[in-house]
Amino acid sequence: GAPLRPAAPAPLTLTGTELRRRAGGAGSRVRVLLAVEGTGEQETAEFGPLTGEVADHTAVAPACARGCRVEAVEADHGPVELRELAAGGAVAVPGAVFADPARWRTTIGQAAAGVQVGQGDAALRLTDASPRTRPVDNRVYALDTPVPLPALVAGQLVDADRHDQPATTVFGVSVPLELHPAPLVPRAGAQGVLVDLEYAARIAGAAAGAVAGAEHAEVWLAHDADPAVVDRLRAAGLNVTGGDTASAATRRADRLAPAVTLLGDLSGAAVVLLIAAVAAFVVAAVDRRDRDAEMAALRRQGVPLSAVRRVERRAAVAPVVVAVAVGLLAAVLLRALAPPPIRAFTDPWPVAPAPIQPLALAVAGALALLVFAAVALAHPGRRR
């Protein structure tokens, strides 16, 4: 998770129901978009209209008694100068922060930037620059997240044209991405994008207000999470409609057709191995009588017993080694070229095939060599 949540500028926060803003401009109303701490509920504080000179104006934000985060500022039309924002008698956004170009950005969505931003002299200056030919965004957003948004990406789900900034839709807003390629991402398998939810909500929430518009939202808990977490989620305003656990999902999957069929495949594979071992034993038993006669003839002609035994062992083990090697190679090729005939689940979850494990191949090969070599080398008694 570390690449998805790098350090970012601290959020601009305030606490208090009465907000004071020092600004200058003529005839324009200025709105400050706020997100309530803990719930993400949006609150708007409206100031104005401005009288032309730099002066203090007040607005009421009842939901900010528990604290709010400044998301964006918006003006009806420019020019407007923002010099200070305070709440509860404390300055939340001083002039130096308003004048810092690293703390503010214009839109990053599909709409055109409808405002021109200028900084300096301890003020943020907004000038109307709305092109009327397409949708515009007149907001200037507080920069408290990394932009582009770091994302773990599996598959080709983003526009990765080399001449454009890669982007994807997050909460209904096209967000530029800093790509971290991965073979798999949780839940989505080999085709998905994983981002930090808080950073994504900060970038897209003020622009679209779309956090609550997600089709299906989930909260994932670690296996050792405190059960009281669910109660705290409800207390924070989440409507919990259901739950599931990994063990319950596993028990359900074990009762479905794919699991039963795969178990049958494993049983069939065990039977095939048993038949192969019996066949090897039968072949060795039938063939051993002729081999014994040949070796006895060689012994009568003066071939040392050690040489006879060495030839017997090599002649018995060589076919086993070749057969195991060819069998493992054939299994790897079949696994790589042909997808599994049975889906792991009956629902449409995109589950990528498990990768070929070299350790598993080595263990299987060692066991096969041990079993078949023991059968091939078995002898009823020592030869004189």
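In which sense, right-handed or left-handed, do helix 5 and helix 7 cross? The tour returns to this crossing at its third stop.

**Before starting**

This is a predicted model, in which local features need pLDDT of at least 70 and side-chain atom pairs count only at pLDDT 80 or more, while totals for chains, interfaces and linings use all residues. Residues are numbered from 1 along each chain as its sequence is written, and side-chain values use heavy atoms, with hydrogens and water left out. Helices (H or I, at least four residues) and strands (E, at least two) are DSSP runs numbered from the N terminus.

**Stop 1**

Two strands are said to pair if DSSP finds at least two bridges between them. Strands of a sheet pair through backbone hydrogen bonds, in either a parallel or an antiparallel manner.

Begin at strand 16 and cross the sheet. Strand 16 is joined to strand 17 (residues 173-181) by four bridges, and the two run antiparallel. Select Val 170 and then Val 173, its bridge partner in strand 17.

Next, select strand 15 (149-154). Is this strand mostly covered or mostly open? Five of its six residues are buried, where buried means under 20% relative accessible area, exposed means over 50%, and partly exposed lies in between (1.4 Å probe, protein chains only). Strand 15 pairs with strand 17 in the parallel sense over five bridges, and Val 153 stands opposite Pro 181 of strand 17. With strand 18, strand 15 pairs in the antiparallel sense over four bridges; here Ala 154 stands opposite Gly 192.

Now select Pro 148, in the loop between strand 14 (139-142) and strand 15. The peptide bond from Val 147 to Pro 148 is cis, with omega near 5°.

**Stop 2: a hairpin**

Select strand 7 (residues 80-87) and strand 8 (residues 90-93), which run antiparallel and are joined by three bridges. Ala 87 has Ala 90 of strand 8 as its bridge partner. Two residues lie between the strands of this hairpin, and Gly 88 takes a positive phi near 60°.

**Stop 3**

Select helix 5 (residues 257-300) and helix 6 (residues 305-337), which pack at an angle of about 155° with their axes 10 Å apart. Axes are lines fitted to C-alpha atoms, for helices over the stretch in contact, and angles run from 0 to 180 degrees between N-to-C directions. Helix 5 is therefore roughly antiparallel to helix 6; angles under 35 degrees count as roughly parallel, over 145 as roughly antiparallel, 65 to 115 as roughly perpendicular and the rest as oblique.

The opening question can now be settled: the crossing of helix 5 and helix 7 is right-handed. A crossing is right-handed if the near helix is turned clockwise from the far one by less than a right angle, and left-handed if anticlockwise. Helix 5 also passes helix 6 in a right-handed crossing, and the crossing of helix 6 and helix 7 is right-handed.

Ile 342 counts as partly exposed because its relative accessibility is 25%.

**Stop 4: ring contacts**

Which two residues form the aromatic pair? Select Phe 98 and Trp 104: their rings are stacked, 5.5 Å centre to centre with 10° between the planes. Rings of Phe, Tyr and Trp (its six-membered ring) pair if their centres lie within 6.5 Å; planes under 30 degrees apart count as stacked, over 60 as edge-to-face and the rest as tilted. Both residues, Phe 98 and Trp 104, are buried.

Finally, select Arg 5 and Tyr 199. The charged end of Arg 5 sits over the ring of Tyr 199, 4.6 Å from its centre; this description requires NZ of Lys or CZ of Arg within 6 Å of the ring centre and within 35 degrees of the ring normal.
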